Amino acid sequence: MKAFYQLTKEEVLQQLKTSPAGLSNEVVATLQQEFGENALQEAKQKSKFSILLSQFTDVMIFILIIAAVISFVVGEHTDAFVILAIIIANAWMGYSQENNAEESIRMLQKMSAQYALVLRNNNPGKIEAGKLVPGDIILLEAGDIVPADARLIEASSFKTDEASLTGESHSIEKETDAITKENLVPGDQHNMVFKGTIISNGSAKAVVTTIGMKTEIGKIAGLLEVGSQKTPLQKRLAVFSKQLAIVVVVICALVFGFGLWRGEPPFEMFLTALSLAVAALPEALPAVITIALAQGAARMVKRNALMRKLPAVETLGSVTYICTDKTGTLTQNIMTVEKMQAAPEQEELLRYAMVLNNEVRFSHEGLLGDSTETALVNYAFEKGNSKEDADDRFPLAAKLPFDSVRMRMSTLHQHQEKWILFVKGAPGKMVEVLSGKYKEQVPEWLNLNRAWAADGLRVLFFAYKVFDQKPGKIHESLEHDLDFLGMTAMIDPPREEVIEAMRQCKTAGIKPVMITGDQPLTATAIAERLGMIEEGSNMVKSGADLDKMTEEEFNRDIKNISVYARVSPEQKLNIVKALQTNGEFVAMTGDGVNDAPSLKQADIGIAMGITGTDVSKEASDMILLDDNFATIIKAVREGRRIYENIRKFILYVLSCNLGEILTIFFAPVLGFAIPLLPIHILWINLVTDGLPGLALVAEPAEKDIMNRPPRPPKENLFAGGLIPRILLTGTIMAIASVFIQWWTLRQGYEVRTQQTAVFTTLCFVQLGNALSVRSVYHSIFSTGLFANRGMWGAIILTVILQLLIVYVPLLQPIFKTTSLDWNIIGTILIVTFVCVLVIELLKYLNKRKYLVKAEVV
């Protein structure tokens, strides 16, 4: 069955069982029952309750909930309440970020036309767009939003702006004749109009062919129903949480069994095992990661990158491909005259023709009309011409609009005692009506036209004719024996700052790819200017080329393609999916409705804040407030910084937790009392880990962070030698803590004092460790000891809080502590200083082994 654009006007009317006079009211009622409402269906939206529940599905949160329940059961109510407070705070932060994330379909509905002028029973009338049915005859004028997909049956100087749907940067001239070619994308169906696009010029009559979800915009709405993508960090943390859960269960079982074998009371060993479980769990990790991402998002806003979804902040650091739309993203979305060549001594007259020969409307808001014509007028204005002067010198007498057959436009003007006809149009059609005296020069002009067109430029020829007397009614018969006036070439030029951004992409190991609905020549020209491809490259594929490729061929060649032109929204989506199948992490930028499905499918969708449609913004993870592609590079740098700092926090918290576990495990083995109580461990994990942890995630980025390739998508959190570092540092802390317990026991201090001393030792040694992990490989002295003032603030505050719970009588029963004399405090400080020196020495010894590997990663 032929597509509607392939049918003649008569065949379309016959197939839809309608006529130029429209449908009858009786038939309309029947069709409404058959086809339903002309509206977009809402995709399945997450309820607020389901969003809230999803915050509790993380393995780490689940483990914390179990720990809280056990604490309640055994009577440790303080511990339980603290754990529950962490869970609730983390859930609320996540819920508040996701609550408004599923609005794409609603925005598509807002974008659709609300009313339509329809012809029924040969009577025009305004109705709600939702009540249109296939077969309705609609009347369209400049400024209207098209209410449904329709086949044109009459058109007068009719042009539509389809940039948001197809990516075309200029208005499209429409026609009514049938098109014989098969499988054309919407942008090439020039006898069709599409729901949600805007009429930029002229008027037309069309017959509605499809409504609702079957329209082109409806198909895009359907494509938006894709599953949410997990970020690299979420995937890594999910694996980490499961591994940690297994380790915790095994350790607790071993300790509990070992205690029973030694004849310890079962309840006491259960408390010890619970202490170990609490020690092993990094309770502050979910909250610290959420805060780290929120701080990163706040820094990005200052750099004009607004994050809509918190996990996407870190995702930027993992991106290996940036698939970018052309129009309005890499280019300025403003057609600009780039070249002009006037006939000898005719430049001034050519500029007057540029101002006068058009359908541009002049208003206090600026120039309104076809982007090509506004570019011509703007160029003339920049060269010193004005509308007032042009109208005074050449008052308009008549106008013959552009049409797709002649491919020319003419305007007749009075000039002193004579009359002048300005004509502009497509080069091939213009040379047909030039005076015979230009016969030898025409090949030269056409060669120049071909050269400019090969550079992606849109070329127009101008000509004129002078009449001694006013001609009769303006007609195309006047367009002959014309004098050549000149030629102009236009393009939607690339943004200057994008060239440097592309260079930085390549330095950072990220491949930029252009995906556009525009013509291949134009896309290639822009890509060459930006340095995305070499001149004459074969790394360009059109939508038609993709249709001819098998899935196997496409998956094989996809890494060698840098430019995709004339592609449909479905093809854009398939490109993103294919890259993801090949293991790539994909960022997709865009500003139009046609970009929305691929924005949502991508690992991170990036919408334009100024030129972007509401639909693209709601489908995205990040919005560029300045529409500047270069801002993405700043955001990538921030994303890499955040991931590195989260790794530093994990190194810090796990080495500290390991120190606690080893202390709790070996102290009873050596015959000592239980060294730490659950409340002590919770305090260490939340305050001693949490406050320096917050300072760690604000650590400045390494200088060479953008000279490294993206992290391998499957790289685990502990790559680069983190595991040996965790094991060694944890062992040093445990030795220090057990030593303090042994020393206090030898000095005759009772159990509560021993526990308080071990508690304080771990606190102080961990603060020293926090300074050390600011750089995984470099000495704290070489990275600037006081560069991170937040870290020193956290250390001072933590020390003050620790001393308060040790020495304030009101807090001692809550935290199960007792006052320490200065003899013990002095010994703890000496042990802390020695531990930091040993940790730094181990870092120095491991530096050569792992630094090279870390730089490669």
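In this predicted model, I322 finds its bridge partner in β18 at P512. This pair belongs to the contact between strand β9 (residues 321-324) and strand β18 (residues 511-515), which run parallel and are joined by four bridges. Helix α22 (residues 569-581) packs on the sheet here, where it touches β9 and β18 along with β20 (563-565) and β21 (586-590). The direction of α22 makes about 160° with that of β21.

Stepping back to the whole sheet, eight strands follow the order β8-β23-β22-β21-β9-β18-β20-β19; the sheet is open and its pairing is mixed. The edges are taken by β8 (305-307) and β19 (540-542), and each has a single partner strand, so one side of each is left without a neighbour in the sheet. On average, neighbouring strands are turned by 20° against each other, direction ignored. A further helix, α25 (residues 629-669), lies across β8, β9, β21, β22 (604-608) and β23 (622-624), and runs at about 135° to β23.

Attention now turns to the second largest pocket, which holds about 1,000 Å³ of space. Its lining is made up of 38 residues, and those nearest the centre are H170, S171, M407, R458 and Q519. Two or more lining residues come from each of the strands β5 (172-173), β16 (458-467) and β17 (483-491), and likewise from the helices α14 (371-382), α17 (442-454) and α19 (520-530). Sorted by class, the lining of this pocket comprises 15 nonpolar, eleven polar and twelve charged residues.

Key: Residues numbered from 1 in each chain as written. Predicted model: local features only at pLDDT ≥ 70, side-chain atom pairs only at ≥ 80, totals over all residues. Heavy atoms only, no water. Pairing = 2+ DSSP bridges. Axes fitted to C-alpha atoms, helices over the stretch in contact; angles between N-to-C directions. Contact = heavy atoms within 4.5 Å. 1 Å grid on protein atoms, 1.4 Å probe; cavity = no way out; pocket = protein on both sides within 12 Å on 5 of 7 lines; lining within 4 Å. Points joined across faces, edges and corners; volume = space filled by probe spheres on them. Nonpolar A, V, L, I, M, F, W, Y, C, P; charged D, E, K, R; others polar.
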